[in-house]
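The following questions and answers set computed values against the definitions behind them.

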Amino acid sequence: MPHIWCPGCGNGIVTAALVRAIERADYDQKDVVIVSGIGCSSRAAGYLNFNTLHTTHGRALSFATGLKMARPELKLFVIMGDGDCSAIGGNHFIHSARRNIDLNAIVVNNHIYGMTGGQHSPLTPSGKKATTAPRGTLEREFNILELARGAGATFGARGNAAQPRQLEQFITRAANHKGFSIVEALSPCPIAYGRRNKLGGPVDMLKDLKENSISIEKAARKEEAELEGKTLTGVIYQDEVPEYSTEYYHFIGKEIPGNTGG
Amino acid sequence: MPETKPVLMQGNEACAEGAISAGVRFYAGYPITPSTEVAERMAARLPDIGGVFIQMEDEIASMAAVIGASIGGMRTLTATSGPGFSLKQENLGYAIMAEIPCVIVDVQRMGPSTGVPTAPSQGDVMQARWGTHGDHPVIVFSPASVYESYYLTIAAVNLSQKLRQPVIILLDEVIGHMREKVTIPRDSKLMVEKISDKVPADWKPYDEKGLTPLVPFGFGHYYHVTGLFHDQYGFPTGDPPQVERALDRIHEKLEKYRDEVVLTNYIGHKEPRVVIVTYGCTVRSARAVVKKAYWNNRQPVGLLSLQTLWPFPEREVKEIAKKADAIIVPEMNMGQIVSEVERHVKGEAEVIPLNRYDGEMISPDQISEVMGGWLS
């Protein structure tokens with residue numbers, strides 16, 4: 001299949017995990033909508049055989065909010081990159097979380113603006129190099145899952161492109177969760193991020209992703225010192241809080257067609 | 001809501017009621033003076049009629065949410081004023097490109113920037129035309145009364161659906177906040193036919209053969225919606241012939257339906273020597289002048305009021321120029337529509353700008369004074 005992604009990119013792996021998760025969730029194809037913003041990972045929407053909505057930079061969640069409120073029976077997956085979601089789309093991100101509207105946000109985090117050639121994003125780790133931080137960025141990065149939780153998100157999971165089966169499970173669980181969910185998918189960008197930061201080729205980057213992560217279950221049995229430099233994977237939090245579109249339709253006394261939750 | 005009996009309401013409220021009469025059941029907005037009453041009216045009304053009201057986190061999100069809801073098959077409205085209209089521009093361009101219907105009300109206030117939020121102005125005429133980037137078509141209506149606000153909103157919703165094109169309603173603070181009598185019909189027959197139920201099997205969202213109705217998401221017609229140039233199915237393309245065809249496509253539909261898009265109204269002498277061309281609240285001062293000069297004194301004067309500002313009513317203005325010696329163009333800005341008048345009149349008549357930009361209305365006396373010189 002022809003696509004725009006570079007060799008060694010993790011976007012294809014994350015997209016495949018999403019597709020398998022949708023299959024596992026057993027949704028009717030016509031009920032599924034893929035919404036995306038602008039950036040490399042957002043081009044995934046154009047490669048999928050669903051109703052797909054490729055929006056403007058940072059605004060995917062706002063388009064999705066309108067669509068979900070108009071058609072609460074639809075199952076929406078919102079693909080965003082780290083810059084798209086946390087910089088230009090930061091406001092929409094926290095407010096979607098606050099409303100606890102049933103959108104499944106998939107944040108493909110490659111720590112860089114890839115499509116524009118490698119500028120630092122709010123998820124670029126401190127000290128890492130980018131074309132707009134040639135000596136390394138002085139800025140601190142967001143912990144996107146904690147940011148979402150602070151804003152009111154009720155489901156947060158982290159996986160990576162090196163462990164796609166696990167990622168698929170997290171997305172399935174996010175799909176089944178009623179409320180705003182975020183799955184952070186760490187993904188390698190060997191071209192715009194790896195090369196500049198001497199992180200090796202695609203295989204090295206995938207290997208590092210796997211070796212540097214530890215599941216939340218395993219981490220619970222380790223001493224704090226052993227967790228130094230490790231990234232937690234797994235469902236980090238899940239809370240039961242009333243979901244916005246369901247609450248709204250209940251409030252106006254209107255039934256949501258074929259509402260089966262999720 | 002009282003049905004057939006006349007009620008007193010504001011222009012802003014009339015926009016909300018017009019939208020509801022035309023089947024709008026989704027509103028997303030953000031508070032901004034002097035447009036807030038549109039949102040307040042919708043917030044009060046929509047929940048009772050099964051509609052969705054949502055106050056978004058900002059103007060950008062509001063514009064995005066109405067587009068999202070339109071793709072879901074709802075008729076949608078948002079309202080704002082100058083600063084918020086600036087913020088909406090990127091997603092407005094998206095709706096034009098992706099051919100998603102929606103209606104945007106901009107209650108103009110004195111600008112630039114924060115300006116005088118409570119003072120009227122007609123300063124957003126060019127922003128409405130060229131605020132979003134690239135070559136794009138726009139439809140802009142400019143009501144001159146509360147009743148016009150009501151029925152032009154209905155026309156805007158229907159036209160927007162039919163042409164799959166956003167429609168902008170440029171109110172000004174005078175019309176938005178003024179209270180006048182409006183009669184709202186009981187059973188509104190003003191809605192266009194619902195089209196999405198009878199979709200041919202070979203339906204394409206951007207059929208190269210011409211305009212097709214939008215089939216909302218969730219009905220098993222799989223297609224892509226993007227702000228990128230796209231093919232018949234909505235998938236991105238950078239192929240020069242396809243890009244050119246796509247850009248022609250969004251412009252041609254407005255030309256094809258020009259008679260439904262371009263609305264004007266002429267009153268006055270059949271063979272006028274002086275004609276006032278204006279829009280919005282300034283029509284009211286101009287009408288007072290023409291009433292006195294023509295109806296009372298039979299002077300050769302007329303008034304062409306522009307309900308549609310964009311696409312510019314060039315044919316109607318050219319017709320006027322053939323007869324009149326002078327065309328006076330009063331506007332509450334430093335001269336925006338006047339250049340368009342000049343461009344189409346091409347020297348056939350004298351075009352005289354009359355501008356006021358201190359946050360006050362142009363008075364009938366101001367217009368009479370300019371007109372007097374041409375009649376003596």
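Q: What share of the contacts in chain B with a separation of 6 or more comes from residues 24 or more positions apart, and what makes two residues a contact?
A: The share is 77%. Two residues are in contact if their C-beta atoms, placed from the backbone, lie within 7 Å. This is a predicted model, in which local features need pLDDT of at least 70 and side-chain atom pairs count only at pLDDT 80 or more, while totals for chains, interfaces and linings use all residues. Residues are numbered from 1 along each chain as its sequence is written, and chains are lettered from A and ligands numbered from 1 in the order in which they are written.

Q: How do you know whether the radius of gyration of chain B agrees with that of a compact globule?
A: The globule rule is 2.2 Å times the number of residues to the power 0.38, and the radius is taken over C-alpha atoms. For 376 residues a compact globule would have a radius near 21 Å; chain B has 21 Å, so the two agree. The C-alpha trace of chain B spans about 70 × 50 × 40 Å along its principal axes.

Q: What makes a residue buried, and what percentage of chain B is buried?
A: A residue is buried if 20 or more other C-beta atoms lie within 10 Å of its own, exposed if 12 or fewer, and partly exposed in between, with C-beta atoms placed from the backbone. By this count 53% of the 376 residues in chain B are buried.

Q: How many helices and strands does chain B have, and what makes a run count as one?
A: Helices (H or I, at least four residues) and strands (E, at least two) are DSSP runs, numbered from the N terminus. Chain B has 13 helices and 16 strands.

Q: Why are E2(A) and E10(B) called paired?
A: Pairing requires that DSSP finds at least two bridges between two strands. Three bridges join E2(A) to E10(B) (residues 224–226), so the strands pair; they run parallel. A:Thr52 stands opposite B:His224 in E10(B).

Q: How many residues does each chain give to the contact between chains A and B?
A: Chain A gives 31 residues and chain B gives 36. On the side of chain A, H2(A) gives the most, with eight residues.

Q: Where do the domain bounds of chain B come from, and what are they?
A: The bounds come from an automatic or database domain assignment, which gives domain 1 (1–261) and domain 2 (265–375). Their centres, taken over C-alpha atoms, are 28 Å apart.
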